[in-house]
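Subject: Structure handover

Hello,

Please find the structure below. My notes on it follow.

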Amino acid sequence: MKFFKLVVFILVVTVSGSAFPQTTLKYAYRDYWYTGVSVNQWQVEADPTGTNAHDVTGLVSTDQTKDWDIIVKNFNWVVAENCMKCEVIHPEEGVYDFTLADQFVDKAKAAGLKVLGHCLIWHSQCAPWFHYDKQGKLVSKEVLKKRIREHIYTIVHHFRGRIDAWDVVNEAFEDDGTPRKSLFYDIMGTDYIPLAFQYAHEADPNAQLYYNDFSMNKAAKVEGVCRFFSPLISQGLPITAIGMQGHLILENNHYVEQYEHAINTIASTGVPTFFSELDLSVLPNPFGFSGANISDIFAYRPEMDPYKNGLSKELEKQVEDFWVSFYKMLLRHHKDILRVNFWCLNDANSWRNDFPIKGRTDYATLFDRQNRPKPFIKKLIELVK
């Protein structure tokens with residue numbers, strides 16, 4: 001009888017253990033942070049005909065019906081790539097189009113996923129009308145303030161209770177840590193930043209609110225951002241975390257120590273951090289380019305596109321070694337990290353194929369062009385297994 005009970009116990013443990021998706025990062029790291037990914041509208045629509053397929057270099061198939069199941073299995077947070085940006089959701093003054101955003105949010109919530117709204121205030125992909133009057137002149141500070149409030153109130157109210165967090169302000173600083181000289185800044189100085197957080201909090205007091213930026217591995221930038229936010233946080237600014245995008249390039253071998261400094265710097269302000277847009281390009285980097293300013297585009301040259309037919313075993317090992325060392329660093333600081341979010345599900349959908357040089361073949365994501373998880377994921381899981 002004791003032997004029978006032991007066999008039953010072993011079977012129960014084995015079966016119940018196998019019921020968990022132990023081969024996924026979201027399960028392996030569930031006690032450390034959330035794991036997220038960006039989602040494009042074609043993955044939401046899941047149209048097998050690919051009638052409205054997007055133009056991405058290296059796209060294997062316009063049928064993205066299988067992507068959603070992979071997203072739900074492997075991630076617990078999702079963020080829309082484009083359908084919540086101002087030019088899409090608020091294309092004209094007084095005109096809002098929530099069609100695509102509602103499809104995304106409804107599908108995500110039905111699957112039990114948490115949703116990050118991206119993004120409320122950003123100088124790029126902002127609708128052209130936002131800063132100008134009918135005569136084509138820049139509006140006054142008071143007019144822009146009113147427009148920002150109305151924009152944020154309308155959008156956040158629309159999704160109140162369905163969206164768990166918002167990127168409230170995106171990319172408001174230069175790489176040297178000074179405020180970006182955007183049209184928002186030209187009209188309002190830096191006043192628009194705390195006001196945006198105030199309005200978002202008023203519109204949904206339960207939502208988490210983030211600041212988000214690229215090149216946060218650069219000491220001058222992260223220190224400049226934190227110098228700006230630290231006194232505001234002390235004064236009660238309703239900000240949950242300061243996010244770091246993390247569009248990485250393999251040839252940079254200083255990311256581990258750079259981001260370790262960044263995590264510590266952000267933690268010193270009294271709020272945690274998160275990675276919002278992680279990917280890793282293996283391609284040559286033109287002119288030492290860094291960051292994610294989408295207006296920076298370089299001309300195609302064959303020597304800048306050397307991996308059309310795949311990566312060598314040596315290069316794959318370099319990618320694996322990088323992610324293992326990077327995750328080891330993250331684990332050391334897991335108490336200060338809310339979420340690790342990757343940008344684009346698979347290599348076929350990755351924006352890195354076309355940025356900053358259109359037409360290249362990159363390998364920047366967790367899944368290959370056939371939606372197969374890359375072998376290094378297993379190595380990351382083994383770190384906490």
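**Salt bridges and packing**

Asp-175 is partly exposed, with a relative accessible area of 25% (buried means under 20%, exposed over 50%, partly exposed in between, with a 1.4 Å probe and protein chains only). This is a predicted model, in which local features need pLDDT of at least 70 and side-chain atom pairs count only at pLDDT 80 or more, while totals for chains, interfaces and linings use all residues. Residues are numbered from 1 along each chain as its sequence is written, and side-chain values use heavy atoms, with hydrogens and water left out.

The side chain of Asp-175 meets that of Lys-218 in a salt bridge, at 2.9 Å from N to O (a side-chain nitrogen of Lys or Arg within 4 Å of a carboxyl oxygen of Asp or Glu). The pair links distant parts of the chain, 43 residues apart: Asp-175 is in the loop between strand 4 (165-170) and helix 8, and Lys-218 in the loop between strand 5 (208-213) and helix 10 (219-234). Helices (H or I, at least four residues) and strands (E, at least two) are DSSP runs, numbered from the N terminus. Lys-218 is also partly exposed, at 28%.

The structure holds 18 salt bridges. In another of them, Lys-141 pairs with Asp-191, with the closest N and O atoms 2.7 Å apart. Lys-141 lies in helix 7 (residues 141-158) and Asp-191 in the loop between helix 8 (183-188) and helix 9 (192-203), so this pair ties together parts that are 50 residues apart in sequence. Lys-141 is partly exposed at 36% relative accessibility, and Asp-191 is partly exposed at 35%.

In helix 4 (residues 67-74), the buried residues are Asp-67, Trp-68, Ile-70, Ile-71 and Asn-74. They cover an arc of only 160° around the axis, which puts them on the same side of helix 4 (the arc is that of the directions from the helix axis to the C-beta atoms). They pack against elements including helix 2 (25-28), strand 1 (34-39) and helix 6 (99-110), where contact means heavy atoms within 4.5 Å.

Regards
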